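Have a look at the sequence and the fold, then read on.

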Amino acid sequence: MIKDIAKASRTRRSFRPNVEISREVLVDLIDTARFCPAARNLQVLKYRLVTDKKELSDLLALTYWAGSLGIKLPPDDHEPSAFIVICHDTSLAPNPNLYSIDVGISAQTIMLAATEMKLGGCMLGAFPADKVKKTLKIADHLEPQLIIALGLPDDTIELLEAVDGKVKYYRDENNVHYVPKRPIDEIII
């Protein structure tokens, strides 16, 4: 059921070490996302796949993870096995803001497909786009919009009902990550 896959596709911030994700798997994830709806059907998104060890390390250094927790994530030796950098092609449409919904639709589709493959991921919006472009040698007409980190998850995520509007995620002493979600009666108007 899609609800079960959505619940299982929670953000992962720790991955099993020494697990490689092939280019073919990443291409399959993108091939799934390319069938998503796109504004004006322009299909302005392009994807930079990252599996090279040096590029993985260099890109990881440019990303910021779960800053509100105040701990280093991902933990040392539990880094992602791959990244997908979702870019907006300004040669097709100059204003990326008009197509930000496409980014979200594509990213969620990739996360759901990855979860179905038993992979986990983290959507990252905190990164210096100019440095990402330079580091990965991304063409001038492509603007990084979102980065998806992927790997075989090795953390535990627990979803729970938010109480009194408190939705800040947290971790316990056993490193279990808790994600409060607003109750259904609070989000239907």
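Which residue does Arg 12 form a salt bridge with? The partner is Asp 155, and the closest N and O atoms sit 3.0 Å apart.

## Ground rules

This is a predicted model, so to speak of local features a pLDDT of at least 70 is needed, side-chain atom pairs count only at pLDDT 80 or more, and totals for chains, interfaces and linings use all residues. Residues are numbered from 1 along each chain as its sequence is written, and side-chain values use heavy atoms, with hydrogens and water left out.

## Salt bridges

A salt bridge here takes a side-chain nitrogen of Lys or Arg within 4 Å of a carboxyl oxygen of Asp or Glu. By that rule the count is seven. The pair from the opening, Arg 12 and Asp 155, links distant parts of the chain, 143 residues apart. Arg 12 is in the loop between α1 (2-8) and α2 (23-33), while Asp 155 is in the loop between β4 (142-151) and β5 (157-161). Helices and strands are DSSP runs numbered from the N terminus (H or I with at least four residues for helices, E with at least two for strands). Both Arg 12 and Asp 155 are buried, where buried means under 20% relative accessible area, exposed means over 50%, and partly exposed is in between (1.4 Å probe, protein chains only).

Another of the bridges joins Lys 54 and Asp 58, at 2.7 Å from N to O. These two are four residues apart in helix α3 (residues 53-60), so about one helical turn separates them. Lys 54 counts as exposed because its relative accessibility is 56%, whereas Asp 58, at 27%, is partly exposed.

Then there's Lys 133 with Glu 143, whose closest N and O atoms are 3.1 Å apart. Lys 133 lies in helix α5 (residues 129-136) and Glu 143 in strand β4, so this bridge ties together parts 10 residues apart in sequence. Lys 133 is buried at 12% relative accessibility, and Glu 143 is partly exposed at 26%.

Glu 158 stands opposite Tyr 178 in β7.

## Cysteines

Cys 87 counts as buried at 2% relative accessibility, and Cys 122 counts as buried at 4%.

## A nonpolar patch

On the surface, Ile 184, Ile 187 and Ile 188 form a nonpolar patch with about 330 Å² of accessible area together. Patch members need over 30% relative accessible area and no salt bridge; like charges are joined within 9 Å, and nonpolar side chains (Val, Leu, Ile, Met, Phe, Trp, Tyr) within 5 Å. The areas come from the Shrake-Rupley method with a 1.4 Å probe, and for residues only the protein chains shown count as cover.

Ile 188 is in the segment after α6 (184-187). With 59% relative accessibility, Ile 188 counts as exposed.

Conventions. Two strands pair if DSSP finds at least two bridges between them.
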